[in-house]
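Hello,

Here is the structure I promised to pass on.

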Amino acid sequence: MSSDEHRTVGERGQVTLPKDIRERLGIEGGDKVIVEEDDGRVVIEKPVTREEFAEGYRASAERAREVANEMADISREADDYLGDAPDW
């Protein structure tokens, strides 16, 4: 966002978000946003939907499966190269 995105606060505290920002973030009229104060700054965020939250978990679980498969392959390669570990 450029530093010249000045907006006027209306009498009831309303501010219009710039169209390009709304479009980039997928914010449409009637959507809810989160408004917070952070170290003297007003921060407006689009909340994470349940679908986005669930997709994040699915992606994380898939990546965990990929890592587990990679580790299993590496472990098999190490066993093939080094042989079985001794039974101490």
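Let me start with burial: of the 88 residues in the chain, 3% are buried, meaning under 20% relative accessible area, with exposed set at over 50% and partly exposed in between (1.4 Å probe, protein chains only). The accessible surface is about 8500 Å², with carbon and sulfur atoms holding 50% of that (Shrake-Rupley method, 1.4 Å probe).

Before I go on, this is a predicted model, where local features need pLDDT of at least 70, side-chain atom pairs count only at pLDDT 80 or more, and totals for chains, interfaces and linings use all residues. Residues are numbered from 1 along each chain as its sequence is written, and side-chain values use heavy atoms, leaving out hydrogens and water.

On confidence, the chain has a mean pLDDT (the predictor's confidence in each residue, from 0 to 100) of 87, and 92% of its residues reach 70 or more.

As for the fold, there are two helices and two strands, in the order α-β-β-α along the sequence; these are DSSP runs (H or I, at least four residues, for helices; E, at least two, for strands), numbered from the N terminus.

Now the overall dimensions. The C-alpha trace spans about 80 × 25 × 25 Å along its principal axes. The radius of gyration is 25 Å, whereas a compact globule of 88 residues would have one near 12 Å (C-alpha atoms; 2.2 Å times the number of residues to the power 0.38).

Best wishes
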